[in-house]
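Have the structure open as you read.

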Amino acid sequence: MNQRNDRLGAILISLVIAAVLTVIPLPGWLDAMRPYWVGLVLIFWALETSDLVNLGLAFTTGLLLDLLTGSLLGLHALSLVILVYLVVRFKARLRFFPPWQQALSVLALLINDRIILLWINSLQGEQMPGLAFCLPPLIGTILWPWLFVLLDHYRRLMRQKGGS
């Protein structure tokens with residue numbers, strides 16, 4: 001049980017870091033390119049852990065992200081639940097893709113997330129965003145291989161620490 005708590009702690013620490021990266025102020029032109037850090041981290045952990053990242057964690061993380069960013073309550077919760085559901089559903093395929101194909105799968109997941117955000121924004125009666133709205137999935141896809149390697153290294157360090 002202690003090893004499970006260590007793994008859950010590693011997941012929560014990486015989610016907190018992703019949330020901080022989400023709210024760090026950036027210049028306007030750079031803010032438009034901010035990747036969906038929390039989504040990328042949840043994709044990694046949903047791929048690499050079989051029992052710790054579930055829809056409940058995604059929903060709770062999304063609600064906390066909604067509160068942190070001041071967005072419509074439930075917006076990120078819905079998008080993260082769908083994101084984690086899709087990753088868990090297709091995990092057997094995604095885990096064994098070569099890195100370039102896995103990055104394309106991450107792109108598809110992040111574009112799906114953007115479509116959900118567009119849908120909810122249209123229900124609120126907001127204007128359609130410009131083309132800059134499509135940049136975060138592309139940036140997230142470019143960053144995915146390095147983020148994967150970084151989080152995998154972190155996961156291995158936590159496993160060694162727990163095994164010692």
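## Starting with H1

This is a predicted model, so treat what follows as computed. H1 is 22 residues long and runs 32 Å from its first C-alpha to its last, close to the 32 Å expected at 1.5 Å a residue.

Which residues of H1 are buried? They are Ala-10, Ile-11, Ser-14, Leu-15, Ala-18, Ala-19 and Thr-22. As a general point, an α-helix has 3.6 residues a turn, so residues three or four places apart point the same way.

## The greasy side facing out

There's also a nonpolar patch on the surface, made of Ile-13, Val-16, Ile-17, Val-20, Leu-21, Ile-24, Leu-26, Trp-29 and Leu-30. Together these residues have about 780 Å² of accessible area. H1 and helix H2 (28-31) are the elements that give two or more residues to the patch, and H1 gives the most, with 5.

Ile-24 sits in the loop between H1 and H2. Ile-24 counts as partly exposed because its relative accessibility is 36%, which falls between the 20% and 50% cut-offs.

## What's packed inside

The largest nonpolar core has 34 residues, and Leu-42, Ile-43, Val-53 and Trp-144 touch the most other members. H1, H3 (37-48), H4 (55-69), H5 (75-89), H7 (99-123) and H8 (135-163) each supply at least two residues. H3 makes the largest contribution, 10 residues.

Take Leu-42: beyond its neighbours within four places in sequence, Leu-42 is in contact with Leu-15, Val-53, Leu-57, Ala-58, Thr-61, Leu-80 and Val-84. A second, separate core has 5 residues, among them Leu-75, Leu-117, Ile-120 and Phe-133.

Conventions:
Residues are numbered from 1 along each chain as its sequence is written. This is a predicted model: local features need pLDDT of at least 70, side-chain atom pairs count only at pLDDT 80 or more; totals for chains, interfaces and linings use all residues. Side-chain values use heavy atoms; hydrogens and water are left out. A nonpolar core is a set of buried Ala, Val, Leu, Ile, Met, Phe, Trp, Tyr and Cys residues joined through side-chain atoms within 4.5 Å. Buried means under 20% relative accessible area, exposed over 50%, partly exposed in between (1.4 Å probe, protein chains only). Helices (H or I, at least four residues) and strands (E, at least two) are DSSP runs, numbered from the N terminus. Contact means heavy atoms within 4.5 Å. The expected span of a helix is 1.5 Å times one less than its number of residues. Patches are made of residues with over 30% relative accessible area and no salt bridge: like charges are joined within 9 Å, nonpolar side chains (Val, Leu, Ile, Met, Phe, Trp, Tyr) within 5 Å. Accessible areas come from the Shrake-Rupley method with a 1.4 Å probe; for residues, only the protein chains shown count as cover. A salt bridge is a side-chain nitrogen of Lys or Arg within 4 Å of a carboxyl oxygen of Asp or Glu.
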